[in-house]
Amino acid sequence: MILTTPASWDKDALLIKAQRYSEQMLQHDPTDWQFVLWSSFALEFLSRAALSNVSPVLLADQKNWHNIFHALGHEPNAKKFLPKSIIVADVLSRLSEIYPDFNSELELFCIGHTGMRNAELHSGDMPYDGLKQSAWLANYYRASAILLGTMGKELADLIGDDTAKLASQLINAAADDAAKAVMGKIKSHKTVWNEKESAEKETLLEQAKAWATKHLGHRVDCPACNSVAIVQGQPISAPTTTLNNDIIIEKQQYLPNKFECIACGMKISGLSSLGQAGLGDVFISTNEYDASEYYAPEEDWNPYEEDNNEPF
């Protein structure tokens with residue numbers, strides 16, 4: 001008799017579900033709370049697929065032997081039987097013992113990431129609001145890559161080639177120990193800033209605000225002096241356009257690579273260093289055009305100065 005693993009705990013079925021949730025995740029910008037929510041769903045099913053790949057029996061709640069029997073491909077005769085699997089924290093704990101690369105750091109991250117989802121779904125808390133990508137996205141992709149690797153898959157199999165390339169950049173940047181020296185730079189600039197007189201600080205803050213308003217880039221708070229500063233980057237997606245009445249709104253995602261604050265004079269270059277400083281989040285550049293302006297032939301000469309397109 002050939003026994004078949006039930007779909008509820010089958011590796012391939014679980015992996016397909018992880019892919020479905022990943023597709024939903026990628027329908028949203030990384031800055032959107034829904035991107036984080038769908039990522040947590042994908043992570044759980046990816047984890048379950050990886051454990052099922054070792055044996056579906058490892059997913060069965062062992063408090064009732066019928067669950068193990070069911071995982072082996074049998075149909076229990078118990079009345080009103082509904083298969084029950086172990087909680088995701090136990091799934092992650094078992095994976096960390098089976099696969100050394102899936103270390104305790106990643107296990108704790110994954111437990112926390114899926115735990116926030118429970119708070120989002122079952123309470124009045126909004127844990128994803130204001131969550132910086134630099135606090136979780138690189139670890140998410142690293143954990144996903146390792147779990148996929150245990151099944152002979154690659155990150156591109158889950159999120160596509162283009163997003164996998166971006167994920168690789170984020171993973172490598174987070175692993176760059178040399179970039180951690182940026183924290184010393186921030187500390188030294190903060191010390192110098194704190195020693196300035198209040199009147200000088202006020203003048204510099206006003207100058208930084210005016211400069212950032214006219215400078216092209218994404219406005220952020222400086223981690224050293226809290227003034228308005230600018231992050232610039234490279235586009236990682238094609239522009240998307242939507243029509244709102246007679247206004248065309250164009251949006252494009254950017255991966256940061258440069259930071260500058262004219263108030264305290266601090267400059268930071270490179271995604272690795274920006275990530276360590278909490279400035280490595282993907283940002284969205286937004287431009288608005290009148291429809292007639294958008295479709296008009298482009299002129300060689302532009303009489304207008306480029307302006308910051310991010311709301312302050």
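The model I opened is predicted, with pLDDT of at least 70 needed for local features and 80 or more for side-chain atom pairs, while totals for chains, interfaces and linings use all residues. Residues are numbered from 1 along each chain as its sequence is written, and side-chain values use heavy atoms, with hydrogens and water left out.

**Whole chain.** I looked up the secondary structure and found 12 helices and six strands in the protein chain, taken as DSSP runs numbered from the N terminus (helices H or I, at least four residues; strands E, at least two). Of the 312 residues, 40% are buried, meaning under 20% relative accessible area with a 1.4 Å probe, protein chains only. The C-alpha trace spans about 80 × 50 × 35 Å along its principal axes.

**Helices α2 and α4.** I then turned to α2 (residues 33–54) and α4 (residues 88–98), whose axes come within 10 Å and cross at roughly 50°; axes here are lines fitted to C-alpha atoms over the stretch in contact, with angles from 0 to 180 degrees between N-to-C directions. The two helices, α2 and α4, are therefore oblique to each other. On the α2 side the contact (heavy atoms within 4.5 Å) includes E44 and R48, and on the α4 side it includes V91 and R94.

**Residue V57.** I placed V57 in the loop between α2 and α3 (65–71). Not counting residues up to four places away in sequence, V57 touches I68, A71 and L72. From V57 to G115 I noted 58 residues in sequence and 24 Å in space, C-alpha to C-alpha.

Key:
Parallel < 35°, antiparallel > 145°, perpendicular 65-115°, else oblique. Buried < 20%, exposed > 50% of the residue type's maximum accessible area, 1.4 Å probe, protein only.
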